Amino acid sequence: MSLPSCTLPHLPVLRDETIAALHIQPGGRYVDATFGRGGHSTAILAKLNADGQLLALDQDPQAIAAGQALAAQDARLHLYHAAFDSLALHIDKLGWSNQVNGILLDLGLSSPQLDDAQRGFSFQHDGPLDMRMDTTCGEPLWAWLARVDERTLANVIYQYGEERWSRRIARLIVETRTQTPILTTSQLAALVARAQPRVDAHKHPATRTFQALRIFLNRELSQLESVLAQALTVLAPGGRIAVISFHSLEDRIVKQFFRRHAQGDSFPPDLPLLAQEITHPLRLVGKPLQPNPAQIQANSRARSARLRVAEKQSTS
Ligand SMILES: C[S@@+](CC[C@H](N)C(=O)[O-])C[C@H]1O[C@@H](n2cnc3c(N)ncnc32)[C@H](O)[C@@H]1O
């Protein structure tokens with residue numbers, strides 16, 4: 001007998017550490033740009049008083065539907081179906097520009113998304129090859145796989161999955177689709193496994209390819225770059241941004257963004273500038289945090305999580 005999909009709740013990753021790092025002011029204005037099932041949002045709301053406010057976004061309509069009950073009973077929560085690259089727009093509408101005290105990004109997928117076979121994110125559940133976080137727009141993966149050229153496909157698998165067998169995988173997908181359309185997660189996972197002459201004993205052979213296609217289809221890295229830049233403009237002086245990432249590509253973007261803005265503008269060394277003329281819009285807060293063994297045991301999906309925090313400086 002198979003278990004029904006969507007059985008696991010979402011356990012918020014590094015919840016207490018994130019809430020502590022945000023230094024929540026009870027009457028402040030906060031943003032949870034990745035609402036999911038509201039685990040972090042609920043913890044933020046618990047720290048706010050009656051004047052505190054929380055803007056929460058998620059591009060997945062199912063996440064928003066699941067959060068409606070909480071929004072209905074708590075007027076401090078403003079919950080919207082939107083991708084987080086519209087952050088500044090939402091902040092403008094609320095009249096919160098330069099007044100946001102904290103922003104949280106808990107990137108990637110929620111457990112309900114991964115566990116629901118119909119969403120097509122996981123090679124462990126057979127289902128339609130959709131993979132869109134926002135099912136109300138865009139092209140499902142099966143449709144893109146039916147039309148993409150081999151070279152582009154190989155590049156996507158290499159660039160976003162760091163998959164060494166990207167060319168062989170792309171070739172087999174393109175050859176196969178001339179005979180049979182590739183429509184399901186198990187079809188794709190089997191093809192990806194077949195294309196590899198050697199596999200890593202510790203990783204399912206489809207892991208990197210599924211990650212790559214998901215990142216590409218949902219424009220995850222460009223969304224992240226865009227929201228970080230917007231966060232810098234909407235934060236109040238002293239406001240903090242906390243980002244939990246789950247793979248090296250997104251962590252690198254966060255690390256480099258924080259470092260670049262904590263070191264300030266780069267000028268030629270011989271340019272006559274006073275120290276106070278060099279702007280450092282961000283200050284790094286602590287070292288990156290990873291879950292401890294007990295947290296990983298309780299929630300294996302937390303194993304690759306990394307939390308980085310930065311604070312907006314008052315001089316910018
Ligand atoms: C790891 S889950 C967040 C879980 C949440 N912190 C909780 O405790 O329930 C990530 C969520 O972010 C959403 N998401 C990912 N990228 C997004 C984007 N660019 N814009 C808006 N939401 C996004 C996903 O749909 C998913 O629901």
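A pocket, found on a 1 Å grid over the protein atoms alone, is an open set of points with protein on both sides within 12 Å along at least five of seven lines, and its lining residues have an atom within 4 Å of a point. Grid points are joined across faces, edges and corners, and a volume is the space filled by probe spheres set on the points.

This is a predicted model, in which local features need pLDDT of at least 70 and side-chain atom pairs count only at pLDDT 80 or more, while totals for chains, interfaces and linings use all residues. Residues are numbered from 1 along each chain as its sequence is written, and side-chain values use heavy atoms, with hydrogens and water left out.

**Stop 1: the largest pocket**

Select Thr 207, Gln 211, Phe 246, Arg 303 and Ser 304, which are the closest to the centre of the largest pocket among its 32 lining residues. The space in this pocket is about 1,100 Å³. Next, colour H5 and H10, the elements that give two or more residues to the lining; helices (H or I, at least four residues) and strands (E, at least two) are DSSP runs, numbered from the N terminus. H10 has the largest share of this lining, with 5 residues. By class, the lining has 9 nonpolar, 17 polar and 6 charged residues. Here Ala, Val, Leu, Ile, Met, Phe, Trp, Tyr, Cys and Pro count as nonpolar, Asp, Glu, Lys and Arg as charged, and the others, Gly among them, as polar.

**Stop 2: aromatic rings**

How far apart are the ring centres of Phe 123 and Phe 210? The distance is 5.4 Å, with 90° between the planes, and the pair is edge-to-face. Rings of Phe, Tyr and Trp (its six-membered ring) pair if their centres lie within 6.5 Å; planes under 30 degrees apart count as stacked, over 60 as edge-to-face and the rest as tilted. Phe 123 lies in the loop between helix H5 (111-115) and helix H6 (141-147), and Phe 210 in helix H10 (residues 207-217), so the pair ties together parts that are 87 residues apart in sequence. Phe 210 is buried, at a relative accessible area of 3%. Buried means under 20% relative accessible area, exposed over 50%, and partly exposed in between (1.4 Å probe, protein chains only).

Now select Trp 144 and Phe 216. Their ring centres are 4.6 Å apart and their planes are at 40°, so this pair is tilted. Trp 144 belongs to helix H6 and Phe 216 to helix H10, so the pair joins parts that are 72 residues apart in sequence. Trp 144 is buried, with a relative accessible area of 5%, whereas Phe 216 is partly exposed, at 26%. The whole structure has 4 aromatic pairs.

**Stop 3: the nonpolar cores**

A nonpolar core is a set of buried Ala, Val, Leu, Ile, Met, Phe, Trp, Tyr and Cys residues joined through side-chain atoms within 4.5 Å. Select Leu 105, Leu 153, Leu 188, Leu 228 and Ile 241, which touch the most other members of the largest core, a set of 63 residues. Helix H11 (residues 220-234) gives the most to this core, with 7 residues. A second, separate core has 27 residues, including Leu 14, Phe 35, Ala 43 and Ala 71.

**Stop 4: the cavities**

A cavity is a set of grid points where a 1.4 Å probe fits but cannot get out. How many cavities of 30 Å³ or more does the structure have? The search finds 2.

Select Thr 34, Asp 58, Asp 106, Leu 107 and Gly 108, the closest to its centre of the 31 lining residues. H11 gives the most to this lining, with 3 residues. The lining divides into 13 nonpolar, 12 polar and 6 charged residues.

For the second largest cavity, select Leu 228, Ala 231, Leu 232, Leu 235, Ile 241, Phe 257 and Leu 282, which line it. The space in this second cavity is about 30 Å³, and its lining has 7 nonpolar, no polar and no charged residues.

**Stop 5**

Select Leu 14, in the segment before helix H1 (15-22). Phi of Leu 14 is near 50°, a positive value in a residue other than glycine. Leu 14 is buried, at 5% relative accessibility.

Finish at Met 131, in the loop between H5 and H6. Phi of Met 131 is also positive, near 70°, and Met 131 is buried, with a relative accessible area of 0%.
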